[in-house]
Amino acid sequence: MPLTIAPAAPDDFDFIIGDWRVKHRRLNERLAECTEWACFDGLSSTRKIMGGLGNIEDNLLGFPEGEVRAVALRSFDRTSRTWSIWWLDGRNPHQLDVPVIGRFTDAVGTFHARDTLRGAPIDVRFIWKANPGGSPTWEQAFSPDAGRTWETNWTMEFLRIES
C-alpha cells in the first residue's frame with residue numbers, strides 16, 4: 001500500500017519529482033578568479049518522503065574525472081515554512097554538507113547557509129527555478145564577503161525523462 005501525502009504538505013518541490021537528464025556546468029575552481037567551466041551530463045531521480053514533507057534526490061554525476069553518486073535530502077519545517085537541503089557526496093560518504101535553508105516565492109526558491117571553503121568563511125546560496133512549462137534550473141553561488149558579491153560556480157538544467 002503506498003504511503004499517503006500529509007494534509008497541507010507543501011507542493012514547492014513538486015516540479016522536480018520524477019526522473020531527469022541533467023546538464024551540469026561547474027566552475028573548475030571556486031573563489032579563485034577562475035573562468036574555466038566543465039560541462040557534463042548526469043541523471044537525477046526525486047521522490048517524496050515523509051508524507052510529502054520531504055523528498056530525496058538520487059544523483060549520478062558524470063564528472064570529467066569519473067562518475068560520482070550523490071544525494072540531496074530536503075525537509076520542510078511547518079512552523080517556519082522553510083525547507084532545509086542537505087547534500088551527501090559519495091566521495092565523502094560520512095559527511096553531510098551544512099544545510100541551506102530557505103523558501104519559494106513565485107516558483108523561485110532561494111536558500112542560504114554559512115560554511116567554509118579552504119578554511120575561510122563563506123556564504124552559500126542555492127537558487128531553484130521551477131520554470132513552469134519549461135526545464136527547471138538550479139544554481140549554486142558562494143560569497144566570500146557576507147553576501148556583498150556572489151560567484152556562481154555550478155548550474156544545472158533538468159530535462160524530464162518521459163516514462
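Among contacts in the protein between residues at least 6 apart in sequence, what percentage join residues at least 24 apart? In this predicted model, the share is 39%.

View 1. The protein contains ten strands and zero helices. Read along the sequence, the pattern is β-β-β-β-β-β-β-β-β-β. Residues at least 24 apart make up 39% of the contacts between residues at least 6 apart in sequence.

**View 2. Overall dimensions.** The C-alpha trace spans about 50 × 35 × 35 Å along its principal axes. The radius of gyration is 16 Å, which agrees with a compact globule, because 163 residues in such a globule would give a value near 15 Å.

**View 3. Surface and interior.** Of the 163 residues, 39% count as buried. The accessible surface comes to about 9,400 Å². Carbon and sulfur atoms account for 53% of that surface.

**View 4. Charged side chains.** The protein carries 19 positive and 23 negative side chains. The centres of the two sets lie 3 Å apart.

**View 5. Cys34 and Cys39.** A disulfide needs two cysteine sulfur atoms within 2.5 Å. By this rule the count is zero. Cys34 is in no disulfide, and its nearest cysteine sulfur, that of Cys39, is 12 Å away.

View 6. Is Cys34 buried or exposed? Cys34 counts as buried because its relative accessibility is 18%, and the cut-off for buried is under 20%. Cys39 has 59% relative accessibility, so Cys39 counts as exposed; that class begins over 50%.

Terms used:
Residues numbered from 1 in each chain as written. Predicted model: local features only at pLDDT ≥ 70, side-chain atom pairs only at ≥ 80, totals over all residues. Heavy atoms only, no water. Buried < 20%, exposed > 50% of the residue type's maximum accessible area, 1.4 Å probe, protein only. Helix = DSSP H or I, 4+ residues; strand = E, 2+ residues; numbered from the N terminus. Rg over C-alpha atoms; globule rule 2.2 N^0.38 Å. Contact = heavy atoms within 4.5 Å. Areas by Shrake-Rupley, 256 points an atom, 1.4 Å probe, with all protein chains shown as cover. Lys, Arg positive; Asp, Glu negative; His and termini not counted. Charge placed at Lys NZ, Arg CZ, Asp CG, Glu CD.
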